[in-house]
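Welcome! Take a moment to turn the model around on your screen, and then let us walk through it together.

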Amino acid sequence: MLDDPKVSKILVEVRDLKMHFPIHAGVLKKRVGEVKAVDGISFDIYEGETLGLVGESGCGKSTVGRAILRLYDITEGSVKIDGIEIGHTPQPDLRTMRPTMQMVFQDPQASLNPRMSVSAIIGEPLDEHTKMSKTEKRAKVMDLMDQVGLNRDFANRYPHEFSGGQRQRIGIARALALNPKFIVCDEPIAALDVSIQAQVVNLLEDLQGEHGLTYLFISHDLSMVRHIADRVAVMYLGRVVELASREQLYAAPKHPYTQALLSAVPEPDPWIEDKIERVILQGDVPSPANPPKGCNFCTRCPQVMEICKTDEPPTFEIAPGHVTACHLYSATNTESVS
Amino acid sequence: MADGAAPVLNVRDLTTVFKTRSGAVHAVNSVSFSLKPGELLGIVGESGSGKSVTMMSLIGLIPAPPAIVSGEAVEFGGLDLLTATDDELRRIRGARIGFVFQDPMTSLNPVFTIGHQIMEPLRKHMGMTKPEARARAQALLELVGIPDAERRLKDYPHQFSGGMRQRVMIAIALACDPEVLIADEPTTALDVTIQAQILELMHELRAKLGMAVIWITHDLGVIAGIADRVLVMYGGQIVEHADVRDLFKQPRHPYTRALLQTVPRVRGERAERLEVIEGQPPILHAAPSSCSFAARCPFSFERCLRENPARFEVGPGHDAACFYDFDAGGPRHVG
Ligand SMILES: Nc1ncnc2c1ncn2[C@@H]1O[C@H](COP(=O)(O)OP(=O)(O)OP(=O)(O)O)[C@@H](O)[C@H]1O
Ligand SMILES: Nc1ncnc2c1ncn2[C@@H]1O[C@H](COP(=O)(O)OP(=O)(O)OP(=O)(O)O)[C@@H](O)[C@H]1O
Ligand code: SF4
Ligand code: SF4
Ligand SMILES: [Mg+2]
Ligand SMILES: [Mg+2]
């Protein structure tokens, strides 16, 4: 983890990223509209840090992660990894970049081939991207199993013989095989039991320390993100509404959505629970196929003003490294450049 | 909460065993608890700890055979639900005992309107005419905070969001003024802001209707905010039982203690390193003959491997199934 992100270099630079999915309808499958899953977002990830990406179901978190890794052909915008622009690189040319960036998925069950043994699963990227001999590969797989705390004796077993937490370790070992710099962790603990989540999170932290890894940690679990992330970006309906250091975001959230989101999290302490003043949001998140005009939070915002219903709020830097997209801050701040 | 009042539900020694091809699964092991009038009893435990099977067993929703449900008694409204006829159980379920399940999409029928599904128990159990049932259905939707209730009665489940569907499920469960409401992870599939709406609704409904509630969750935060009393389940057994404040202030089972330390929080101090409970929860293929937490327990000693601990009283209304005595700082002497 990082002490001062300011002194380290930017590993991932995302600018005005848009990912719109077409909606087709009718027998002719005519294009009738689009889901604006990610609708213009910008952020940096510094080398060696963990950027948390939070927000509710459907707000576009996974799409951001997948678009950055170019698992999609993006609609618009720029993505630079280690200084190299890959936003519009044709898929075949991305092959050489693949080893540097990897992904760990939410559902360890679904992301592992049930017919492959654990050693074959972990070794697969080595087959694809290296020319290691059989012995070298075997040694590397054993080393990876050690690193993620899987018993070497289980190398020839199949995924269904493992618990959820162990399967997630297999997925992590596989992601580490090619010595990546950057890993997108998409809800890596959401499917795990409470008592197993901490095991996996501690493992991710240890591996980061050992290998200097950079993480984008996607989660809807705000308390776990507070634990693991150095900086946190909050998404709502395809946009980043606030981005700040972990300390700033949890101690003094500025965007009305972040405030409501944090206040909604239950606290495992009956005395604190009694005292929490919750901002209960009314209604549901609008559809990303038809987002509201102006600020996309205006249909639920407790502090909505007239301007919010017509004008999209710009992003303001309200303190060093703390940005938010909300008209409430327009009087006292100037628009941020990035 | 009426202390000392006769319980509305009294479960004694409930045990459920599944016979599967890969052997028996002892899902619920000698579970005993009671529910007082008007209280909210929280049940917390990880996946597979037996929370759902306990509830399904006590109201006859576990197909037996092949499963075997046994016990001393499940007393409700002067009946023993373990020996009640199917007909008696049908009249109780969905009427005097209401349910809300985790996934509202699987428990609502996609081909019928919401109105039809709320009216059904009213007509079946309360003998209402159609107009009577429709009026009450509308009132129920209003009660659970669905705007434009009259029109929405004609909508189908897919026209509602996840949070709205869960409100509808609550409306159906409340339709016949149940004495007991059983809610099995009703907010687990929901986003946190929608969960907050449902928890708020539950606080209002309890104040208004005063029924007794069993609320199942794996989220200690939800328990802290909503429960009066708590059962902690592990390996199909109740390992700790206490008033909510006692449980959080003085947890007396090593599993509860570890669980409280392992969860990160959004408020207050941030831990540099998460506490870990090593190992994984058990699947019991035989009735427990040792402590089922022993393999993961930092306090375990030889007795724990020989004997399954009974629930020892550790304070007023507070018991823990553990041989370790935290007050004495060593093995328990009595028992
Ligand atoms: N391949 C796709 N085609 C069309 N729409 C899509 C596609 N992938 C995602 N979407 C839509 O884009 C929006 C954002 O989805 P995404 O999966 O990124 O959300 P998320 O924040 O990861 O949600 P969750 O927390 O539920 O995982 C949703 O409305 C989703 O339905
Ligand atoms: N029909 C069944 N056949 C065999 N085993 C079953 C069956 N239903 C449940 N079990 C087993 O019984 C045990 C208890 O399951 P139960 O569903 O009660 O857990 P739970 O505490 O509700 O977990 P969750 O939090 O995942 O809902 C588990 O080991 C489960 O695999
Ligand atoms: S811009 Fe307006 S509607 Fe949007 S969050 Fe700020 S105050 Fe609320
Ligand atoms: S009985 Fe023994 S093993 Fe079980 S929880 Fe208590 S001390 Fe730990
Ligand atoms: Mg996702
Ligand atoms: Mg369950």
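## Where the chains meet

Across the interface of chain B and chain A, the rule finds 4 salt bridges. Please keep in mind that this is a predicted model. One salt bridge to look for joins the side chains of Arg245(B) and Asp274(A), with 2.5 Å from N to O.

How many residues of each chain are in contact? On the chain B side there are 45, and they touch 44 residues of chain A. The size of an interface is often given as the accessible area lost when the parts come together. Here the area buried between chain B and chain A is about 3900 Å², and carbon and sulfur atoms give 55% of that area. Within chain B, the residues that lose the most area to chain A are Val266(B), Arg267(B) and Arg270(B); together they make up 19% of what that side buries. Polar contacts join in as well: between chain B and chain A, 24 residue pairs are counted, with both residues at pLDDT 80 or more.

Now move on to ligand 1, which is surrounded by 13 residues. The closest of these are Ser57(A), Gly58(A), Lys61(A), Ser62(A) and Thr63(A).

| Ligand | Residue | Part of the residue | Distance to a ligand oxygen atom |
|---|---|---|---|
| ligand 1 | Gly58(A) | backbone | 2.7 Å |
| ligand 1 | Cys59(A) | backbone | 3.3 Å |
| ligand 1 | Thr63(A) | side chain | 2.5 Å |
| ligand 2 | Gly50(B) | backbone | 3.0 Å |
| ligand 2 | Lys51(B) | side chain | 2.8 Å |
| ligand 2 | Glu185(B) | side chain | 3.3 Å |

## The setting of ligand 4

Our last stop is ligand 4. Which residues come nearest to ligand 4? Among the 13 residues around this ligand, they are Cys291(B), Cys297(B), Cys304(B), Cys322(B) and Phe323(B). The shell as a whole holds 11 nonpolar residues and 2 polar ones, with no charged residue. To find the spot by eye, look for the largest cavity: that is the space taken by ligand 4.

Notes. Residues are numbered from 1 along each chain as its sequence is written. Chains are lettered from A and ligands numbered from 1 in the order in which they are written. This is a predicted model: local features need pLDDT of at least 70, side-chain atom pairs count only at pLDDT 80 or more; totals for chains, interfaces and linings use all residues. Side-chain values use heavy atoms; hydrogens and water are left out. A residue is near a molecule or strand if one of its heavy atoms lies within 4 Å of it. On a 1 Å grid over the protein atoms alone, a cavity is a set of points where a 1.4 Å probe fits but cannot get out, and a pocket is an open set with protein on both sides within 12 Å along at least five of seven lines; lining residues have an atom within 4 Å of a point. A molecule sits in a cavity or pocket if more than half of its atoms lie within 2 Å of its grid points. Ala, Val, Leu, Ile, Met, Phe, Trp, Tyr, Cys and Pro count as nonpolar, Asp, Glu, Lys and Arg as charged, and the others, Gly among them, as polar. Contact means heavy atoms within 4.5 Å. Buried area is the accessible area (1.4 Å probe) that two parts lose on being put together, summed over both. A polar contact is a pair of N or O atoms within 3.5 Å; within protein, one must be able to donate a hydrogen and the other to accept it, and residues adjacent in sequence count only if both atoms are side-chain atoms.
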